[in-house]
Amino acid sequence: MQSSGSHLQVLIPVSYILSAFISPLLYKWARKCYNVLIPLITGAIFIASGVLFYKVLSSPVGFLEYFPGFSWSGERFLATGQPIGIVLRTDIFGALLVLLITGVGFLVSIYSFRYIAHEASEERIGYYYTLLFLMLAGMSGVPLTGDCFNFYVFLEVASISSYALVAFPGKEQSLEAAFKYMLVGAIGSILIVFAIGLLFSATGTLNMAYASQQVAKIVTSSPDSPLYNYRHLIFASVGLFVIGFSIKSAFFPAHAWLADAHPVAPSSISAMLSGLMIKATGVFLLIRFLFTVFGFHKGYYGQMLTPVFLVVAVATVIGGSLFAIAQTNLKRMLAYSTIAQMGYILIGISLLTKAGLEGSILHIVNHTITKSLLFLSAGAIIYKTGVKDIKGMARMGYRMPLTMSCFAIGAFSMVGLPPLSGFMSKWALAEASLEANFPLLVVVLLASSLLNAVYYFRVVGLAFFSPAQQGTGTNNSAQAHNSASESGSELPLTMAIPIIVLAAGVILVGLQLNPIMKVIKPAVAVLFR
Amino acid sequence: MLYLISTVFIPFVIALTVILIGERNDKLRNVLIMIMPFYNLIGFLANSAAILAGKLPVVTIADLGFFTITFRADPLALLMGTLVTFLWVFTSSYSIGYMQGEHALPRYFASLTVCLGATMGIILAANLFTLFLFYEMLGFAVYPLVIHIETEEAFKSGVVYLLFLLVGGSFLLFGIILTYVLTKGNITFVPGGMAGLADGSQLALYSLFFMFLIGFGVKSAIMPLHVWLPRAMIAPTPISALLHAVAVVNMGLYGMIRMIYNVFGPALFGKLHLDIILAVPACITIIFAAIAALRVDKIKRLLAYSTINQLSYVILGAASLHAMAFMGALVHIVYHSVMKITLFYSAGTIIKQTGKVKIKEMSGLAKKMPVTCAAFTVGALGIAGLPPIAGWISKWYMVEGFLKIGNPWLASVYIISSIIEIGFLTPPILYAYFGKDEGKHSAKAHPADSKYEAPLDMLIPLAVVAILSITFGLFGSLPFVYGTAAVENLLATTVTVW
Amino acid sequence: MMVLTRIDFIVSVCLFGIGLYAMVMEPNLIKKLIGLNIMETSVYLFFIAMGDVRLGPSTEQWAIAPFAQNIDAAASGKVAMVNPIPSALILTAIVVSVSVTAVALSIAIKLYQHYGTLDLRKMATLKG
């Protein structure tokens, strides 16, 4: 095997890390061009990830393998065929996720200038970007790597900086939410390390590709083979991985932390956390381990996972939607909606079929774009009017027509109105569950769409169709704030552009599904290999 | 065909323009609103020969991955399209008169125009998904119109409306997904039914029918899915007319017909005995809606129950799978629309000019509003099925069709219902012509107390549709020409009607 | 289950349980963090114990899969070297856990400044 990798696989996370440390210095020495330099950096990385994505797509095997550093002997493999050292192995799905991460990261980095100056204080922007870049470095590293411990390090880099970012505004609420988030996140991380240890002790390697071969050997071994004894380790490892990633992706019993942490974070960070973090560190890794490493689709383990996952997924979907209806705070409602959407993704995974996984990945793409859009719009509303409650949204459509239109597009996509992107992924999931003979899942999908409609239409309805006399006067603090900043255009350009771009993305993904499916289908094929 | 497709999308452009114009230029807006339906009507009339000859191509405008947005025009589309665009001309002009001086007019007219585009989309849809897309769009575009007056009650009705819309949409979507899986992704409408459906299991096919029944049943107001329709009466009268006569319920019927003839196909539909299964709720709706109408005291509510009653006539006729009855059903859509729009416009004129909403308050109104009351009488008698006004012909066809397939009990449902209809449609007329004027007027009374008759831009559409109701009954052949073509296309038989 | 025959594995699972208990049940922020560190320690112990090769892979009381070893040495049961990879991993894991603890402690200090207490029950401003 020849090293087919691209240096970009290393450069993307490394350049994020470097810019993280340069950021406060730049802010100190080059404050005037800071607003230009940061988007330049993130934009350049975005372009780089686009190039990487293209390279991965055009590679014949569907992935790139890059060996960083050097080996003394020049050998990359032991005599037994076991790879030595860390390998960065990026498949199509990983590259797609990196593209999303760097893309949303680019938009959020533009959005944050004005927003963070409003939420925290202007002097701390330099440090904010340090943390943001560290988080981006961690998140983009996870899908790029092919090593079990390496992904854990990236995951922790992302997690730790996200704890700090949730606490960034420094208010009581954000500190408390950050602490809770950190406790739950740490439990999840420890379970994952434990699982890595078990996997290592069973297979003797940290290389995912090689480990998957050994796992196949172990789980298919006959009872009289010495390898048979290692099956227990594999099962325990699967269990711990599943629990760990479920905590990270906020599946049902372990969902509470998300509803606390995501709403109180600055809105730009809420968008990153809800849009990307739980996917890069949760669902992505779940898919990576279930399929690439443990080979669940090959039927080694029978059907033991599907019923458990389906119960969890349905509970997550319905529970998340019901909790969202009960919320009074807009961002908290969005956070519960995220939980419900994670349930959709889990439905697609738990079917263990190609069609289901395609639906899940499509939903990951959609939800990333849509939820980022919704959180950024919610942030824009807070920035401009100070309104955080759903009640205060009355007639917001007339005060901030652009923002609310984009919000409405996102909301409609979440509800699943055709031809927006959310409809397409729900269609894919519904079709996959019918094909897998689970017609009741379609009922769950449709029922939860109705529940989504209840809470999203309430917001959109209040914003556009509420009586004129009620909208004013009920929210005093909002009024006071509003009068202060009413002058001028609706939003600063740096905040409006990311929102518009994301809204256009929501529509485009719906209308241009064919090119996207042309990426997702081979991505799933690589995962199912 | 490009012209016809433009009738789907130009309304959206116009709607955007209307919003951008805002309150600044009322005249320009009114001109745009008036031109739009004419443009569409000309599209259908100019292409009618080509459509009847089956010469228009199928055009795919977008490929959305799982499905395409595809348009084509068949005779049924021609029939509905001509009807809808023709009546839309009156809706537009009546709206402009009726809504003068109301609030939020840009929103109102933009929604109205989006409704037009969505309706065109439904009519021209060549596959289930395209139909669903525009069907839902129509549903959402009606919402701002339903809550237009923005009172507490209006918002409550709006919630009920949305609830039914979304639940119906979900069932419809489930049905479409099921069809998609059963037919392996080929959901294009074909005369005679979609290939591959016949291979599905009985359970799958019956649940498919059930999904479609609820999905389209909401808009065609099959009991007990009719609840939203009387509630939506809270909307301004032109919108009630739009809901009842022009677009919304007709699209429910259209979907129903497409489901019977293009999704299942007559052969499979009959083989599964779905015709009988569908006849049961339709008969129940006919009788119960008529009985419910007897107990209603508001004019518009009365008309709402009458609509529910009449819609199931059409469903029954279409479900019979007999050429004669199906023809009667198609023509009945046309006649019912014309007559119901007459009724709503006269009721709306009465409400707008005198503020009277109850039947009893109509006492002695005929002297003050002779034209309006005459129009109301024409519409009411026509709905009840009195010759020579239009309604009786289509009913006659349906009854004859039922007798020919040996179902006299279906014919008897028609007879019973017609008798009850006379029972609830005559009181307003009797009150208007023979009741005593009590001299009590509500707050909305016109300043010049003795002259109630409406301004010309409302009166002319009213008079025209009333005259149409009569002329259709005497010598209107266009619905029959189009209807014959549609029946021949969908049932694959030759029909001789004259 | 062969895991139960290794005392070091049992101890590490016990430590994990103790740490989890402290983390979930203790209301005091610092005690929660101590619990977190105990949990992390249990993982270190597990990894380090895994690298132990005194008993060799061919016996019942294995430590690590034979794939990782030199196959010839493993066959003869003469593996003389402790597997270095777990130790290296644990060095990294320690760094990670130290940084988690550092961030957590700094948040705890901030919380103490705001509320004047370290009891999580007394600061609940977040609604369920």
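Predicted model: local features only at pLDDT ≥ 70, side-chain atom pairs only at ≥ 80, totals over all residues.

Student: Which chains share the most contacts?

Tutor: There are 2 pairs of chains in contact, and of these chains A and C share the most contacts.

Student: And how many residues of chain B are in contact with chain A?

Tutor: On the chain B side there are 21 residues, and they meet 21 residues of chain A. Elements giving two or more residues to that side of chain B are β1 (59-63), α5 (128-146) and α6 (152-182). The largest share, 10 residues, comes from α6(B). By class, this side of chain B holds 16 nonpolar, 2 polar and 3 charged residues.

Student: What does A:S268 touch, leaving out residues up to four places away in sequence?

Tutor: Its contacts are A:V108, A:Y111, A:S112, A:Y115, A:I116, A:L376 and A:G379. Take A:Y111: A:S268 and A:Y111 are 157 residues apart along the chain, yet their C-alpha atoms are separated by 7.2 Å.

Student: What makes α1(A) roughly antiparallel to α2(A)?

Tutor: The axes of α1 (residues 8-29) and α2 (residues 34-58) of chain A come within 10 Å and cross at roughly 175°. Angles over 145 degrees count as roughly antiparallel, so α1(A) and α2(A) are given that name. The residues of their contact divide into 13 nonpolar, 4 polar and no charged. Among those that meet are A:L8 and A:I12 in α1(A) and A:L37 and A:I41 in α2(A).

Student: How do you know that both faces of strand β1 of chain A are covered?

Tutor: In a regular strand the side chains alternate between the two faces of the sheet. For β1(A), residues 63-66, A:F63 and A:E65 are on one side, A:L64 and A:Y66 are on the other, and all are buried.

Student: In which sense does β1(A) pair with β2(A)?

Tutor: β1(A) and β2(A), residues 88-91, pair in the antiparallel sense over 4 bridges. In β2(A), A:D91 is the bridge partner of A:F63.

Terms used
Residues numbered from 1 in each chain as written. Chains lettered and ligands numbered in written order. Buried ≥ 20, exposed ≤ 12 C-beta atoms within 10 Å, placed from the backbone. Pairing = 2+ DSSP bridges. Contact = placed C-beta atoms within 7 Å. Axes fitted to C-alpha atoms, helices over the stretch in contact; angles between N-to-C directions. Parallel < 35°, antiparallel > 145°, perpendicular 65-115°, else oblique. Nonpolar A, V, L, I, M, F, W, Y, C, P; charged D, E, K, R; others polar.
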